[in-house]
Amino acid sequence: MANSNLPRRIIKETQRLLSEPAPGISASPSEDNMRYFNVMILGPTQSPYEGGVFKLELFLPEEYPMSAPKV
């Protein structure tokens with residue numbers, strides 16, 4: 001995952017995301033662009049969204065973290 005063009009913060013946050021994933025959420029960076037993530041969220045149990053699978057594309061802009069990610 002070493003990419004010298006990325007800020008150290010993005011590298012550390014990505015490593016933490018992969019090593020400590022949130023329950024029901026998976027996110028993985030693209031091999032071509034480490035600022036681009038494929039995200040999948042499973043609908044929580046006992047909610048109207050139970051059984052649902054929600055796929056998102058997330059992009060960290062150059063100005064991140066001063067600018068919010070794009071979904």
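1. **Basis.** This is a predicted model, in which local features need pLDDT of at least 70, side-chain atom pairs count only at pLDDT 80 or more, and totals for chains, interfaces and linings use all residues. Residues are numbered from 1 along each chain as its sequence is written, and side-chain values use heavy atoms, with hydrogens and water left out.

2. **Overall fold.** The protein chain has one helix and three strands. Their sequence pattern is α-β-β-β. Helices (H or I, at least four residues) and strands (E, at least two) are DSSP runs, numbered from the N terminus. The C-alpha trace spans about 45 × 25 × 20 Å along its principal axes.

3. The protein chain has 71 residues, and 23% of them count as buried. Buried means under 20% relative accessible area, with a 1.4 Å probe and protein chains only. Take the contacts (heavy atoms within 4.5 Å) with a separation of 6 or more: residues 24 or more positions apart account for 20% of them.

4. The three strands form an open, antiparallel sheet in the order 1-2-3. Strand 1 and strand 3 (53-59) are at the edges with a single partner strand each, so one side of each has no neighbour in the sheet. On average, neighbouring strands are turned by 20° against each other, direction ignored. Strands pair if DSSP finds at least two bridges between them. Strand 2 and strand 3 pair over seven bridges, in the antiparallel sense. Ile41 has Phe54 of strand 3 as its bridge partner.

5. **Helix on sheet.** Helix 1 lies across strand 1 and strand 2, and runs at about 140° to strand 1. Axes are lines fitted to C-alpha atoms, for helices over the stretch in contact; angles run from 0 to 180 degrees between N-to-C directions.

6. **The largest pocket.** Its volume is about 310 Å³. A pocket is an open set of points on a 1 Å grid over the protein atoms alone, where a 1.4 Å probe fits, with protein on both sides within 12 Å along at least five of seven lines; lining residues have an atom within 4 Å of a point. The volume is the space filled by probe spheres set on the points, which are joined across faces, edges and corners.

7. **Its lining.** The largest pocket is lined by 14 residues, and Glu13, Thr14, Leu17, Phe37 and Tyr64 lie nearest its centre. Helix 1 (8-19), strand 1 (25-29) and strand 2 (36-42) each give two or more residues to this lining. Helix 1 gives the largest share, five residues. The lining divides into ten nonpolar, one polar and three charged residues. Here Ala, Val, Leu, Ile, Met, Phe, Trp, Tyr, Cys and Pro count as nonpolar, Asp, Glu, Lys and Arg as charged, and the others, Gly among them, as polar.

Notes: Buried < 20%, exposed > 50% of the residue type's maximum accessible area, 1.4 Å probe, protein only.
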